[in-house]
Amino acid sequence: MPKTFHRTDRVSAQIRRELGTLVHNAVREHGLPSVSVSDVEITRDMAHAKIFVTALMPERSVEAMKGLKELAWGLRMELARAMKLRHVPELHFHYDDSVDRGERIDNILRDLPDTLAAEKSRQGDDDGGDDAADEGEKNA
């Protein structure tokens with residue numbers, strides 16, 4: 001039976017857990033905008049790790065990303081102390097805008113019934129109430 005989880009999957013999950021705590025502490029310590037680690041992807045050779053983070057305040061995400069990139073080396077050293085790995089991957093921080101996009105889509109969908117109702121009422125005004133005449137034409 002084949003393995004269902006690869007080592008890189010297990011290591012990325014552990015890095016996500018450890019970095020979640022380390023990033024949280026770094027945010028408080030350095031006064032950065034609040035961010036959280038949403039996902040970690042590791043290359044097969046485990047030399048590099050993409051760390052995806054989301055910001056509590058999306059408008060300050062650029063500032064948060066800049067701060068995290070400056071702290072990457074120190075976070076990597078702390079991660080090395082927390083994990084038992086022969087080689088800790090190089091950390092590359094990326095902003096995960098999927099939460100922002102999901103929220104935007106949710107707002108659009110929430111506004112959709114209002115938009116449809118306004119469109120129907122506008123179409124009803126444009127038709128001038130000739131629905132009965134239109135019915136007669138369809139049946140003829």
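Visitor: Why is R76 said to have no salt bridge?

Guide: Keep in mind that this is a predicted model. The nearest side chain of opposite charge to R76 belongs to E90, and it is 4.8 Å away. A salt bridge needs a side-chain nitrogen of Lys or Arg within 4 Å of a carboxyl oxygen of Asp or Glu, so R76 goes without one, even though R76 is buried.

Visitor: What makes R76 "buried"?

Guide: That word is kept for residues under 20% relative accessible area, and R76 counts as one. In the protein as a whole, 29% of the 140 residues are buried.

Visitor: Which residues is R76 in contact with, leaving aside neighbours within four places in sequence?

Guide: Those would be H87, V88, P89, E90 and L91. R76 itself sits in helix α2, which covers residues 61–82.

Visitor: Why is α1 called oblique to α2?

Guide: Helix α1, residues 7–30, packs against α2 at an angle of about 130 degrees. Roughly perpendicular stops at 115 and roughly antiparallel starts over 145, so an angle between those limits counts as oblique. That makes α1 oblique to α2. Their axes are 10 Å apart, and the crossing is right-handed.

Visitor: How do you know that α1 and α2 meet, and which residues are involved?

Guide: Contact takes heavy atoms within 4.5 Å. From α1, I15, E18, L19, L22, V23, A26 and H30 meet L68, L71, L75, E78, L79 and A82 of α2.

Visitor: What pattern does the protein follow along the sequence?

Guide: The pattern reads α-β-β-α-β-α-α, with four helices and three strands.

Note on methods. Residues numbered from 1 in each chain as written. Predicted model: local features only at pLDDT ≥ 70, side-chain atom pairs only at ≥ 80, totals over all residues. Heavy atoms only, no water. Helix = DSSP H or I, 4+ residues; strand = E, 2+ residues; numbered from the N terminus. Buried < 20%, exposed > 50% of the residue type's maximum accessible area, 1.4 Å probe, protein only. Lys, Arg positive; Asp, Glu negative; His and termini not counted. Axes fitted to C-alpha atoms, helices over the stretch in contact; angles between N-to-C directions. Parallel < 35°, antiparallel > 145°, perpendicular 65-115°, else oblique. Left-handed = near helix turned anticlockwise from the far one by under 90°.
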